[in-house]
Amino acid sequence: MIRGSVLRWVRGDGGAALLFLLPSLVLLVAFCFYPMVSALRLSLYKWDNLAVDPVFTGLGNYIRLFTNDRFWNSLRITFLYTFGVTAISIIMGLVIAWVLNQKGLIFPTFWRGLYFLPTVSPTVAAAMVWILLFNPSFGFVNTLLREVGIQGPNWLSSSQWALPTLMTLGIWRRFGFTVIVYLAALQAIPQDYYENSWVDGASAWQSFLRISVPLVAPATVMLVTLGLIDSFLVFDQVLVMTGGGPAGSTEVIGILLYRDAFMNFRMGTGSAMAVVTLLVVAAFTLFQWRVVGFGSSEGE
Amino acid sequence: MGTHVLHPLQQPALKRSSILFAGRKKVFTNLGLLIVLVPVALLVITPYLWMVTGSLKERGHFSEPPYLFPSTFDFSNYQKAWEGAPFARYFLNTAGVAAAVVLSRIVLGGMAAYAFAILKFRGRDLLFFLYLSTMMIPFYAILIPLFLLIRDLNWINSYQALIVPRMVDAFGILLLRQAFIGVPRDYLDAARVDGASHWHTLWRIVMPMCKPTALTVAIFSFLFVWNDFLWPFLVANDTDMRLIQTGLQAFSGRYLTEWTYWMAGTIMATIPPILFFLLAQKQFISGLARSGIKG
């Protein structure tokens with residue numbers, strides 16, 4: 001009976017489907033699902049030296065992690081960075097998209113393309129430029145501040161300013177993406193809505209607040225979620241610009257995980273940290289599903 | 001709910017609302033809008049200007065003058081940077097890895113998308129959901145076991161390490177599947193009547209009709225490889241194996257205070273993805289609008 005149903009399955013499209021899916025499925029299992037399960041398992045083992053065998057420790061790594069001030073500091077910094085970059089790039093993106101959506105603007109596609117350039121620029125290159133832009137003595141930022149009579153801080157060597165400096169790069173690379181998504185959402189709003197509110201005597205600002213902002217809410221939810229996820233996983237520019245310093249003031253989760261697992265070879269606590277990032281990202285995703293409904297990923 | 005809001009971007013024409021400044025002269029409209037647009041545009045291009053100007057200064061004189069526009073034009077920095085690190089090798093490595101990743105994401109992704117969009121078999125939806133679920137796994141979550149796996153395979157410092165784990169990407173499969181679903185049933189039925197195999201139908205009929213989507217997947221994959229850093233940094237950081245970003249990072253450490261060389265290097269790394277974006281802007285932006293459904 002089982003044999004019969006297998007035969008029927010193969011005679012339909014099942015056989016072809018199997019052949020068509022096999023290569024991608026094998027790769028996904030080997031390089032995604034297996035490592036995922038393996039990370040969950042490793043997080044339960046103490047493994048501080050690649051030369052010796054891992055020892056089962058139950059939730060020991062998680063306890064080590066959650067009683068470690070450095071980990072809490074890192075979480076705090078990562079959240080600060082994440083919320084700062086996400087919030088500012090979303091606000092900037094919405095304002096710019098709204099301006100680009102106005103009738104009669106010259107060169108609309110030129111502006112849109114220009115704002116998007118940073119998003120495709122390599123992170124390491126951008127980070128190197130930032131190091132020099134924010135150099136305390138000859139950097140352009142402090143040069144400009146000197147022109148108006150302000151002595152700028154020692155940006156990247158100051159534990160107060162290093163994180164905001166990193167955030168400026170994050171915002172610079174991100175807001176072009178929010179512009180494009182918001183522009184799409186704004187273009188979908190029927191023209192009548194605006195014309196009606198105009199007839200009612202609403203100002204441009206009022207129509208922005210009462211029509212544009214609420215009607216792009218689904219796009220906002222999507223951008224918040226994607227922004228939180230992407231920014232939470234920041235690594236490249238932090239490694240190049242500060243390496244997590246000064247005094248741990250920019251030690252985001254990615255840097256701490258890299259140090260723990262690949263410099264100190266503590267694969268167990270590193271994996272526990274990896275599981276924590278998975279949970280945080282899952283929480284952000286669930287948040288999106290709760291707000292816009294699960295259908296959004298398969299809406300078509 | 002989220003999807004139909006994002007869709008109109010696929011039509012490149014910009015429709016703009018007319019309420020603001022209605023009835024006034026176009027000049028004033030633009031003046032008002034440009035007051036917002038120009039300062040932000042300056043913020044966007046300042047780093048690029050700084051990069052260009054820095055790369056044209058004389059060696060050792062990066063700080064003079066500390067302004068945005070070039071007053072000297074010393075092109076020897078480019079030559080020195082090019083000779084100071086095996087940039088040619090980095091470019092070739094990156095181009096080769098990108099080509100392999102793009103090709104496999106089109107071929108293997110196309111096959112998977114065909115199965116999910118056109119073939120009918122039991123367990124299809126469940127399997128598709130399984131594929132989609134990989135998009136929610138952050139790379140950090142699998143990083144350590146993936147590294148250990150590559151190490152056990154003896155793939156550290158090999159092209160396999162850079163290519164094989166990147167060969168399939170669920171988001172590309174999702175985009176291709178959505179496009180394949182739109183292919184009219186008549187074409188598929190006609191192919192079947194002619195006795196065409198599924199393989200033939202996929203590559204001769206379905207994929208050619210979905211070229212824009214395939215191009216979008218190719219562009220995303222290329223930019224992904226070009227801007228990738230953490231993974232190549234961990235598994236292939238020997239001089240000969242570096243990609244452009246890891247190469248640039250090593251270069252910046254080796255020439256710690258040679259800032260004119262730095263800027264020449266960053267320009268060399270930044271120009272290809274920007275050119276790529278400018279050439280395929282329309283595809284790219286419509287693809288991004290669709291990426292709104294990612295998540």
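Of the 300 residues of chain A, 49% count as buried, a residue being buried if 20 or more other C-beta atoms, placed from the backbone, lie within 10 Å of its own. This is a predicted model, in which local features need pLDDT of at least 70 and side-chain atom pairs count only at pLDDT 80 or more, while totals for chains, interfaces and linings use all residues. Residues are numbered from 1 along each chain as its sequence is written, and chains are lettered from A in the order in which they are written.

Chain A has 13 helices and two strands, where helices (H or I, at least four residues) and strands (E, at least two) are DSSP runs numbered from the N terminus. Because its radius of gyration, taken over C-alpha atoms, is well over the value of the globule rule, chain A is more spread out than a compact globule; the rule is 2.2 Å times the number of residues to the power 0.38.

| Feature of chain A | Value |
|---|---|
| Radius of gyration | 25 Å |
| Span of the C-alpha trace along the principal axes | about 70 × 60 × 30 Å |

Helix H12 (residues 253-263) of chain A is largely enclosed by the rest of the structure, because eight of its 11 residues are buried, among them Ile253(A), Leu256(A) and Asp260(A). Just after H12(A), Phe265(A) takes a positive phi of about 55°.

Where the chains meet, 90 residues of chain B are in contact with 94 residues of chain A, contact meaning that the C-beta atoms of two residues, placed from the backbone, lie within 7 Å. Helix H2 (residues 26-55) of chain B gives the most to this side of chain B, with 14 residues.

Conventions. A residue is buried if 20 or more other C-beta atoms lie within 10 Å of its own, exposed if 12 or fewer, and partly exposed in between; C-beta atoms are placed from the backbone.
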